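Colleague: I have a structure to go through with you. Can we talk about how its helices pack and what its surface looks like?

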Amino acid sequence: MTLDLSTLAPLVAVLMAASAVAGLLAGLFGVGGGIILVPAFYFVLHGLGYDGPQVMQVCLATSLASIIVTSIRSVHAHNKRGAVDWDILKGWAPGIAIGAVLGMLAAARLRSEVLAVIFGVLATMVGLYLAFGRQSWRLGPQMPQGGARAALSPTVGFFSVLMGIGGGSFGVPLMTLYSVPMHRAVATAAGFGLVIAVPSVIGFLFLNVAGAPPLTVGAVNVPALVIAISMTLITAPMGAKLAHALDALLLRRLFAVFILIVAVNMLRKALWA
């Protein structure tokens, strides 16, 4: 496919800007950046003319690959402030990883339009909860153990992969409902992102995507990945620093606004494009 510079340059600029914002959000909200990167990749690939039935798999896989790097950087920044709850992270990691693998297997079988709708619906639910949920809402005084954890942890991993995101979008609401302070939930969710991304990306590397853009390994597009990582490495520590300077309620509301904007836009593209 031939693409002139006047078309390519704006698309690259959009991807660089979105990646920078994604890194900032990764540190700020513990979301791994995927909530911004997936729609950005989707927009850029469609702009380049790649709109096949599996383009969304490329968006998810590339986003998750970038989350590996972003989450490591974000966890490191939060851990220096003593904010990561390692007991929660270690206890929930095995189940989350299992769910991530199952999510990758499911995503490999779904069409792009279906994955885009799933992304939009789940993101809307999370955004509405964060926007209108009350801080006093609690499901329990501490994170679940035993059977409840065994059921919830794979669920977090499964739906996170279907959205191409880290652990923040589901992990942060879940932890706050179980009485984990917001800043600690954000920091720990950054670790969820790494547990979600590593096994799912390994699976996506072996996926054969029909009509994938050039320089795509499995479902991971290397040029988009390099741009995303380059920008997020710069901005993720800035977000982590800012997170600890903001009021917890303000942090929650900002998170909700970002998610809802992105969710509505993704649904619009999937249903009415």
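Modeller: This is a predicted model. Start with helix H5 (residues 112-132) and helix H6 (residues 146-163): they pack at an angle of about 120°, and their axes are 8 Å apart.

Colleague: Why is H5 called oblique to H6?

Modeller: Angles from 65 to 115 degrees count as roughly perpendicular, and those over 145 as roughly antiparallel. The angle here is about 120°, so H5 is oblique to H6.

Colleague: What makes the contact?

Modeller: H5 gives Leu 115, Ile 118, Phe 119, Leu 122 and Ala 123, while H6 gives Phe 159, Leu 162 and Met 163. By class, that is 8 nonpolar, no polar and no charged residues.

Colleague: Why are H3 and H5 called oblique to each other?

Modeller: The axes of helix H3 (residues 55-79) and H5 cross at roughly 50° and come within 7 Å. Roughly parallel needs an angle under 35 degrees, and roughly perpendicular begins at 65. H3 and H5 are therefore oblique.

Colleague: Which residues meet there?

Modeller: Val 55, Met 56, Gln 57 and Leu 60 of H3 meet Ser 112, Leu 115, Ala 116 and Phe 119 of H5. The classes are 6 nonpolar, 2 polar and no charged residues.

Colleague: What makes the nonpolar patch on the surface?

Modeller: Val 198, Ile 202, Leu 205, Phe 206, Leu 215, Val 217, Val 222 and Val 226 form the patch. Together they have about 750 Å² of accessible area. Helix H8 (182-204) and helix H9 (222-243) each supply at least two of the patch residues. Val 198 lies in H8.

Terms used. Residues numbered from 1 in each chain as written. Predicted model: local features only at pLDDT ≥ 70, side-chain atom pairs only at ≥ 80, totals over all residues. Heavy atoms only, no water. Axes fitted to C-alpha atoms, helices over the stretch in contact; angles between N-to-C directions. Helix = DSSP H or I, 4+ residues; strand = E, 2+ residues; numbered from the N terminus. Contact = heavy atoms within 4.5 Å. Nonpolar A, V, L, I, M, F, W, Y, C, P; charged D, E, K, R; others polar. Patch = residues over 30% accessible without salt bridge, like charges linked within 9 Å, V, L, I, M, F, W, Y side chains within 5 Å. Areas by Shrake-Rupley, 256 points an atom, 1.4 Å probe, with all protein chains shown as cover. Salt bridge = Lys/Arg side-chain N within 4 Å of Asp/Glu carboxyl O.
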